[in-house]
Amino acid sequence: MVDIIALKLVGYGNTVQNKDGSFTCQHGAGECETDAQELCVQYKLSGDIDSISSGDTSMEAWPFILCMEEADGDPSEGQACYEKSMNSTALPWSVVEECVVDEYDVVQTAAMDATPKHEYVPWVLVDGELLANTYGLHQAICDAYTGEPPASCAHFKADNKPCFNPNFEA
């Protein structure tokens with residue numbers, strides 16, 4: 001499945017920029033710090049802040065983002081998640097930490113600019129179309145793909161009715 005996906009993740013959600021330029025996250029300061037950690041990983045993997053808007057490092061950063069989500073977004077788990085999930089990269093955690101401290105406003109602004117107007121989160125688009133029920137993501141990807149479908153798309157019936165597979169992993 002990963003071979004047919006151009007993934008773009010933007011850790012911003014319902015964050016708002018205040019009049020003084022600061023940011024407030026829907027679930028508090030911890031969410032803001034975790035978002036900044038995830039955004040800094042995406043940014044620093046390429047060294048280009050535009051990686052946040054292009055999504056070109058989203059797939060590479062995915063193991064870290066997934067670990068952080070599994071840790072309930074607890075920013076104190078950042079280093080442990082990074083060391084556990086990103087050991088194949090030459091980017092040290094210290095660079096991510098420095099980014100969170102020194103470039104927090106830069107990454108939050110990039111995420112704000114990359115986040116479309118939305119009514120709720122997660123706001124999932126497949127080929128530019130809103131996917132209202134994210135449980136249907138797997139099928140939506142398979143349906144949108146025009147090439148030879150991967151084996152993981154065979155989980156769906158011929159009549160295109162969803163076969164929800166709770167054990168599916170990309």
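**Close-up views of the disulfides and of serine 46**

**View 1. Cysteine 40 is joined to cysteine 99 by a disulfide, with an S to S distance of 2.1 Å.** A disulfide is defined here as a pair of cysteine sulfur atoms within 2.5 Å. The pair links distant parts of the chain, cysteine 40 in helix H1 and cysteine 99 in helix H5 (residues 93-102), 59 residues apart. Helices are DSSP runs (H or I, at least four residues), numbered from the N terminus. The link is left-handed, with -75° about the S-S bond. This is a predicted model, in which local features need pLDDT of at least 70, side-chain atom pairs count only at pLDDT 80 or more, and totals for chains, interfaces and linings use all residues. Residues are numbered from 1 along each chain as its sequence is written, and side-chain values use heavy atoms, leaving out hydrogens and water.

**View 2. A disulfide joins cysteine 67 to cysteine 81 at an S to S distance of 2.2 Å.** Cysteine 67 lies in helix H3 (residues 58-70) and cysteine 81 in helix H4 (residues 78-85), so the pair ties together parts that are 14 residues apart in sequence. About the S-S bond the angle is -75°, and the link is left-handed.

**View 3. Cysteine 25 and cysteine 32 form a disulfide with sulfur atoms 2.0 Å apart.** This link is right-handed, with 110° about the S-S bond.

**View 4. Serine 46 is found in helix H1 (residues 29-46).** Its side chain makes a polar contact of 2.4 Å with the side chain of serine 51. A polar contact is a pair of N or O atoms within 3.5 Å; within protein, one must be able to donate a hydrogen and the other to accept it, and residues adjacent in sequence count only if both atoms are side-chain atoms. The side chain of serine 46 also reaches the backbone nitrogen of aspartate 48 at 3.0 Å.

Methods:
Helix = DSSP H or I, 4+ residues; strand = E, 2+ residues; numbered from the N terminus.
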